[in-house]
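Biologist: Could you take me through this model? I would like to start with one residue and then move on to the overall fold.

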Amino acid sequence: MHIERWWPKLKPTTRQYLIEHNGLLVPADARAEIVSVGGRLTSGSSWVTSWPDGYYFPAATTQWIAALTREATVEPGTLA
């Protein structure tokens, strides 16, 4: 399942943690929650990359999360 589908199902505290730690190791409890809401931890998953020390979000995922953060901080009416 693509990140756009499971991201809104995460607890707000988990989303906030992942935003604040974007690009860092995805902790086991966050991975478990992601899997519980439909994200898959398989070699074909586009939203995660496996390394010997754990799972990380690849560039496309970190950029997607960063874009969410930028959208959330833009004041209404300030976009041209």
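**Notes on a predicted model**

Modeller: Let me begin with Asp-29, which has its place in helix H3. Please keep in mind that this is a predicted model.

Biologist: Is Asp-29 buried or exposed?

Modeller: Asp-29 is exposed, and its relative accessible area is 60%. The C-alpha atom of Asp-29 is separated by 9.0 Å from that of Thr-14, and the two residues are 15 residues apart along the chain.

Biologist: What about Glu-33, where is that one found?

Modeller: Glu-33 is also a residue of helix H3. Glu-33 is buried, yet it has no salt bridge.

Biologist: Which side chain of opposite charge is nearest to Glu-33, and why is there no salt bridge?

Modeller: The nearest one is Lys-11, 4.5 Å away.

Biologist: Let us step back to the fold. How many helices and strands are there in the chain?

Modeller: The chain has four helices and two strands. Along the sequence they follow the pattern α-α-α-β-β-α.

Biologist: What share of the residues counts as buried?

Modeller: The chain has 80 residues, and 28% of them count as buried. As for the surface, the chain exposes about 5,300 Å², with carbon and sulfur atoms supplying 57% of that area.

Biologist: What share of the contacts with a separation of 6 or more comes from residues 24 or more positions apart?

Modeller: Such residues account for 51% of those contacts in the chain.

Biologist: On to the aromatic residues, then. How many aromatic pairs does a search of the whole structure find?

Modeller: The search finds two. One of them is formed by Trp-6 and Trp-7, with 6.3 Å centre to centre and 50° between the planes, and this pair is tilted. Both Trp-6 and Trp-7 are buried.

Biologist: Why is the pair of Trp-7 and Trp-64 edge-to-face?

Modeller: The planes of Trp-7 and Trp-64 stand at 80°, with the ring centres 5.7 Å apart, so the pair is edge-to-face. Planes over 60 degrees apart fall in that class.

Biologist: Which parts of the chain does that pair tie together?

Modeller: Trp-7 lies in the loop between H1 and helix H2 (12-20), and Trp-64 lies in helix H4 (residues 59-73), so the pair ties together parts that are 57 residues apart in sequence. Trp-6, Trp-7 and Trp-64 form one aromatic cluster.

Biologist: What are the relative accessibilities of Trp-7 and Trp-64?

Modeller: Trp-7 has a relative accessible area of 6% and is buried, while Trp-64, at 22%, counts as partly exposed.

Biologist: Staying with helix H4, is Thr-62 buried or exposed?

Modeller: Thr-62, which lies in helix H4, is buried, with a relative accessible area of 18%. The cut-off for buried is under 20%, so Thr-62 falls within that class. Beyond neighbours within four places in sequence, Thr-62 is in contact with Asn-22, Gly-23 and Phe-57.

Biologist: And where is Gln-16?

Modeller: Gln-16 has its place in helix H2, and at 38% relative accessibility it counts as partly exposed. The C-alpha atoms of Gln-16 and Thr-69 are separated by 9.6 Å, although these residues are 53 residues apart along the chain.

Biologist: Last one: which strand holds Ser-50?

Modeller: Ser-50 is found in strand E1 (residues 49-51). Ser-50 counts as exposed, at 51% relative accessibility. From the C-alpha atom of Ser-50 to that of Leu-25 the separation is 9.9 Å, and the two are 25 residues apart along the chain.

Conventions: Residues are numbered from 1 along each chain as its sequence is written. This is a predicted model: local features need pLDDT of at least 70, side-chain atom pairs count only at pLDDT 80 or more; totals for chains, interfaces and linings use all residues. Side-chain values use heavy atoms; hydrogens and water are left out. Buried means under 20% relative accessible area, exposed over 50%, partly exposed in between (1.4 Å probe, protein chains only). Contact means heavy atoms within 4.5 Å. Accessible areas come from the Shrake-Rupley method with a 1.4 Å probe; for residues, only the protein chains shown count as cover. Rings of Phe, Tyr and Trp (its six-membered ring) pair if their centres lie within 6.5 Å; planes under 30 degrees apart count as stacked, over 60 as edge-to-face and the rest as tilted. Lys and Arg count as positive and Asp and Glu as negative; His and the chain ends are not counted. A salt bridge is a side-chain nitrogen of Lys or Arg within 4 Å of a carboxyl oxygen of Asp or Glu.
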